[in-house]
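The sequence and model come first.

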Amino acid sequence: MNLVLHYGLLGSLEAALIALAIGFVVFALWWQVCKRTGLSDGHAIAWACLLAIAIAAGVDSWNLFYLGMMGLESPLYVKLALASIHDPDQLGTRVVLELIGATVGVGLGWWLFSSRQSLRDTTDAP
């Protein structure tokens, strides 16, 4: 994504809000797929969480993994790795908030769609 985010905690919160929206949209799509194929709500929640986290926090999670696990022996490699990251000072915070945002977005989608389904079920009963 080529979104211009702020630096610091404000940028991390913006990334979390974007992840929340991604989680909600992904759950809405998986909800429709699972209802048409006869799968349970748990399948929709699980697959939506996995996909939303991969979309929302995938690049930042990879950068965090790369910086933590790969041997950056040379100052040049460290400089090149840090230059490719938007805000390296807040990378860990941004990853955690993106994970929380995507999960909360899926949870909000489940809460909204399951409450609509339960209302529809009670009104259809004779």
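## Aromatic rings and helix packing

K35 sits over the face of W31, 4.6 Å from the ring centre. The model is a predicted one. W31 belongs to helix α1. In sequence, W31 and S114 are 83 residues apart. In space, their C-alpha atoms are 9.6 Å apart.

How many aromatic pairs does a search of the whole structure find? The search finds seven. One of them joins F27 and W31 in a tilted arrangement, with 5.5 Å from centre to centre and 45° between the planes. Both residues lie in helix α1, which covers residues 9-37. They are four residues apart, about one turn of the helix.

W30 and W47 form a stacked aromatic pair. Their ring centres are 6.1 Å apart, and the planes are at 20°. This pair links distant parts of the chain: W30 is in helix α1 and W47 is in helix α2, residues 41-69.

| Pair | Arrangement | Centre to centre | Between planes |
|---|---|---|---|
| F27 and W31 | tilted | 5.5 Å | 45° |
| W30 and W47 | stacked | 6.1 Å | 20° |

W31 counts as buried because its relative accessibility is 5%. The cut-off for buried is under 20%. W30, at 24% relative accessibility, counts as partly exposed. W47 is partly exposed too, with a relative accessible area of 46%.

Ring pairs also build a cluster. F24, F27, W31 and F113 are linked in this way.

Now the helix packing. Two packed helices are described by the angle between their axes and the distance between the axes. The axes of α1 and α2 come within 8 Å. They cross at roughly 145°. The crossing of α1 past α2 is right-handed.

Which residues make the contact? From α1 come A19, I22, G23, V26, F27, W30, W31, C34 and K35. From α2 come D41, H43, A44, I45, W47, A48, L51, A52, I55 and A56. By type, the residues of this contact divide into 15 nonpolar, two polar and two charged.

F27, W31, W30 and W47 are among the contact residues. K35, which lies over the face of W31, is also one of the α1 contact residues.

Terms used: Residues numbered from 1 in each chain as written. Predicted model: local features only at pLDDT ≥ 70, side-chain atom pairs only at ≥ 80, totals over all residues. Heavy atoms only, no water. Phe/Tyr/Trp six-rings, centres within 6.5 Å; stacked < 30°, edge-to-face > 60°. Helix = DSSP H or I, 4+ residues; strand = E, 2+ residues; numbered from the N terminus. Buried < 20%, exposed > 50% of the residue type's maximum accessible area, 1.4 Å probe, protein only. Lys NZ or Arg CZ within 6 Å of the ring centre and 35° of its normal. Axes fitted to C-alpha atoms, helices over the stretch in contact; angles between N-to-C directions. Left-handed = near helix turned anticlockwise from the far one by under 90°. Contact = heavy atoms within 4.5 Å. Nonpolar A, V, L, I, M, F, W, Y, C, P; charged D, E, K, R; others polar.
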